[in-house]
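Here is a short report on charged side-chain pairs and neighbouring strands. Take a look at the structure first, then read on.

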Amino acid sequence: MSASEPDPLSGRPVGVKVDVTPARRPDAVVLEGRFGRVEKLDAAQHGAALWQALKDDNATWAYLGYGPFADNAAFAAWLAERPKLEDPYSYAIVTRDGRAIGIATLMEIRPAMRIIEVGNIVYAPALQRTGLATEAQYLLARYVFETLGNRRYEWKCNAFNAPSRRAAERFGFTFEGFFRQHMIVKGRNRDTAWFSMLDTEWPMRNRGTLAGLRRANAGDVDRVVAFQRAAYAKNRPLLGVEPLPLMADYGKILSDYETWLYESADGLDGVLILEPRNDDLLIWSISTAPRLHGQGLGRRLLAAAEERARALGLTVMRLYTGEPLKNNIAWYERHGYARERVEDLGDRRAVHMMKRIGT
């Protein structure tokens, strides 16, 4: 292979020089997000809330090299040592109301090679499958590449830890293979699954992320169908016909469109389905759980759709809704959408609406 040929794995020309300036080491930053923040772990500040969030959950520790802990004293003793370590460097994941409900570390820090790993991830049940769970990983990845200047970001987990492997791929890491008999953890052999993300890939991963929302996959079809049935049921008597989102093949929808999920400890709270087109971004569906109506989640999903359009370089948003749904139309108008036309679909009439946004 000549020096001008691209490497088949990285896509970069072989032998091309790279910036040898060492990456910065992790520091005591506060990474603010929409649903919470990531900040340096402080045992005194975060310990009580973390214990309350984790004390009844032994499953979280199954694939980690420590835990579960018999009591608060044992947990506190372990936690007190974590902030003293420079590698792994520990961060707490904190809700908007100030409760620490998770830990993540940046580890295996190699500044000269500009490589770092995210690991030792402890998500309490209250954090799992929530917007903050996704957002925390986004905030750390952005920090690793854009602030610290790393060129490779790693994720490693027990080969049997299927949820962690799915999470790595969902967050944009590329599976690289298994290291057999890589470690001994709690007296058992561990084969390790390796994943990575490169600095050259980060801009695309960043554009494909909506902070706080999770991109749906094929395994979410049944949940999305059930959610849409509940969310759109109120429209049926107003329309006099079956709402279009309840007539869709969601296996195809999740395959062809971008489907984003807003999750909390209570379950699935919102669904946003988008169709990027040549000249605009179509909001195919935006729905919230009935119990959350009037609490601002719809507004946040609408803002996330516009954020996605900007990331794709699109300046026009479009959507359509049933003509009898006067409250929906008024709500969109309050958020800057204007009526373009009314389309006769035979058994119903659809109002098409449009909004121009800045990039």
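## A pair out towards the surface

R99 has a relative accessible area of 41%, so it counts as partly exposed, since that value lies between the 20% and 50% cut-offs. Keep in mind that we're looking at a predicted model here. The partner of R99 is D97: the two form a salt bridge, and their closest N and O atoms sit 3.2 Å apart. What about D97, is it buried or exposed? D97 comes out at 57% relative accessibility, so it's exposed, because the cut-off for that is over 50%.

## Pairs tucked inside

Now for some salt bridges in another setting. E39 and R37 make one, with 2.7 Å between the closest N and O atoms. Both E39 and R37 are buried, whereas D97 is exposed.

R308 and E258 also meet through their side chains in a salt bridge, at 2.6 Å from N to O.

## The wider count

How many salt bridges does the structure hold? There are 25 of them. Some share partners, and that joins R110, E117, R152, E154, K156 and E176 into one network.

## Strands side by side

β10 pairs with β11 in the antiparallel sense, over 7 bridges. If you want to find one of these on the model, look for Y262, whose bridge partner in β11 is G270.

β11 has another partner as well: with strand β12 (residues 281-288), it pairs in the antiparallel sense over 7 bridges. Here you can look for L272, which has I286 in β12 as its bridge partner. Between β11 and β12 the chain makes a hairpin, joining the two strands through 4 residues.

Conventions:
Residues numbered from 1 in each chain as written. Predicted model: local features only at pLDDT ≥ 70, side-chain atom pairs only at ≥ 80, totals over all residues. Heavy atoms only, no water. Salt bridge = Lys/Arg side-chain N within 4 Å of Asp/Glu carboxyl O. Buried < 20%, exposed > 50% of the residue type's maximum accessible area, 1.4 Å probe, protein only. Pairing = 2+ DSSP bridges.
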